[in-house]
Amino acid sequence: MNLVKDIKSFGFSPVSSMISSSSELFKLPYEEICKIKTEIIKENFSYHFEKNEFYRDVCKQKDVTPDDINSFEDLIKIPLIPVRTFKEANSHHLLSCKLSEIEFEMRSTGTSGIPSVSRRDSKTIDYATEGIVKMYREFFKISKGVGMFLFPPTEEMPEMGMIKVLNITAGLFDGTRNMVKKVSFNPQEAVEVLQSWEGKHVRNIVGPPFLIYKLLSYMIDNDIKIKLDKKSLIITLGGWKKFTGKEIPRNEFNALCAEYLGMNPNNVRDMYGLVEANMLAIECEQQEKHLPPWVHISVRNPRNVLEEVNPGERGVVAIYDPTSLSYPGYILTEDVGYIKTDMNCECGRVGQKLTYISRIPGVEVGCCAINLEKYIEENESKRCPDDATPEWIGV
Amino acid sequence: MYNEIISEHFMNPRNIGELESPDYIVEVSNPICGDTVHVFLNVSPNKTITALKYLAYGCSGSIATASILSEKMINQGLHALKAFSRKDIETLLGELEPSQLHCIDFGLEVLKKCAEPELHIYEKKEFLVED
């Protein structure tokens, strides 16, 4: 049986079928998932090999064609695109379609100021949104309650990837409130909003760790404690490093959420993603980051990225994302991490679980969250008269 | 999303690259969205642009704008760059969506800075790297 061929024979999309069946796929034996992933990634690889002259040349240099991908073990042969390529002046080479077919450009800007721009066509956006919503539903089961968004409205930063992705949760909540406006965040106002929702809605907080940490620090300094609701979630994305380079300790963060927000620490859920990929790895209640079943992660030897390391060993994270049609979604990131050795999770799901460790030493510090933090710090500093510090800064 | 003029220049950029020994290097950037162009100019004694290359980063519209303007700037006197109006840029870029209109301002800024170039070398910018 070839699932991809069978689904295509009915005129259906294999990728959409996988996304809509992800709950079932999370329950399949790992070997079965690998077989299906291989089929779907091979299909996508063939597409880019045919449509993208630049990528085809890369493949020819590596002596790889779609005919060489016949098993899960062959996936490593598929050439990867270093993520820095998305920042280069000739990034038009990455496109497997015409620019006129591109519907949306999304960006992430690091501390160098040069943005990484990902260009997506209509079908890729369909897959990306289907996949992200499905993963939110799978792991958060959001269908009601309210979301306090500790990030700016998308209209203020419409192309910033992190904001766009977090904002997708808005459609699942009964109501939301953006607490970062005009690049400024007032924690006291956030506290008041949480208090005003008490007893009316299940309250959830969504945003990058640094802003939630800022809220927590303000609550500590002012001895404010709130008890959120039994099912409240804190959903984070954007990394745990601050613009200053200081890292927010995850264990401390969880403990502070429990003490000052009255949260079950298991309901603090971090996510991993990058603007160039259409996927999010989302933490389950065991705080294990699960990859979507249609995405494969290969961890590479930092000294030779052509070599794969075993599960449990640290290395450079490479993503194989078959939902990308506008450019090959085979991305060698600048992130260090490892795949857990046990493909079975205590939460009952099966599949790859990613542990993110850090960025590769020597690469540019930067992501949407760090850039947002930088803007907010700069903006709030400018608003300070002389040396006066506003009450919410310095936390 | 993008019109045919922008699409064609983005996919087939003209004058992309760096000059080996530029007389001037002009940088135009938007600190918020990050759209950036480095224009490398050779200028004759009578203030005419004799050679031009550029490297552009950011949205496709800004990159295409740099390509479109590069064709117009070569062999022009520096003073002539000041004569380009907003309307001229609008005509050169074609119909744009609201989210793409910043390309017009970006283009005007490129022309304005290239009309009075100052720097002869890259201005190295410090940025944080991972430990």
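B:Lys47 is partly exposed, at 46% relative accessibility (buried means under 20% relative accessible area, exposed over 50%, and partly exposed in between, with a 1.4 Å probe and protein chains only). Its phi is near 65°, a positive value in a residue other than glycine. B:Lys47 sits in the loop between strand E2 (36-43) and strand E3 (49-57) of chain B. Strands (E, at least two residues) and helices (H or I, at least four) are DSSP runs, numbered from the N terminus. Chain A has a case of its own: A:Val183 is not a glycine, yet has a positive phi of about 55°. This valine is found in the loop between strand E6 (180-181) and strand E7 (184-185) of chain A.

A quick word on the ground rules. This is a predicted model, where local features need pLDDT of at least 70 and side-chain atom pairs count only at pLDDT 80 or more, while totals for chains, interfaces and linings use all residues. Residues are numbered from 1 along each chain as its sequence is written, chains are lettered from A and ligands numbered from 1 in the order in which they are written, and side-chain values use heavy atoms, with hydrogens and water left out.

Next come the charged side chains. Side chains of opposite charge can pair when their charged atoms come close. A:Lys77 is partly exposed, with a relative accessible area of 37%, whereas A:Asp74 is buried at 13%.

A:Glu377 and A:Lys214 make another salt bridge, their closest N and O atoms being 3.5 Å apart. This pair links distant parts of the chain, 163 residues apart: A:Glu377 belongs to helix H11 (residues 368-382) of chain A and A:Lys214 to helix H9 (residues 209-221) of chain A. Here A:Glu377 is partly exposed at 30% relative accessibility, and A:Lys214 is buried at 7%.

Over in chain B, the side chains of B:Arg86 and B:Glu90 meet in a salt bridge of 3.9 Å, N to O. Both residues lie in helix H4 (residues 86-93) of chain B, 4 residues apart, which is about one turn of the helix. B:Arg86 is partly exposed, at 38%, and B:Glu90 is partly exposed too, at 32%. Back in chain A, salt bridges link A:Arg250, A:Asp270, A:Glu283 and A:Lys289 in a network.

A nonpolar core is a set of buried Ala, Val, Leu, Ile, Met, Phe, Trp, Tyr and Cys residues joined through side-chain atoms within 4.5 Å. The largest one has 120 residues, and A:Met148, A:Ile205, A:Leu215, A:Phe253 and A:Leu261 touch the most other members. Domain 1 and domain 2 of chain A both give residues to this core, so it lies between them. Apart from it there is another core, of 39 residues, including A:Ile102, B:Phe10, B:Leu92 and B:Phe106.

Methods. Salt bridge = Lys/Arg side-chain N within 4 Å of Asp/Glu carboxyl O. Domains from an automatic or database assignment.
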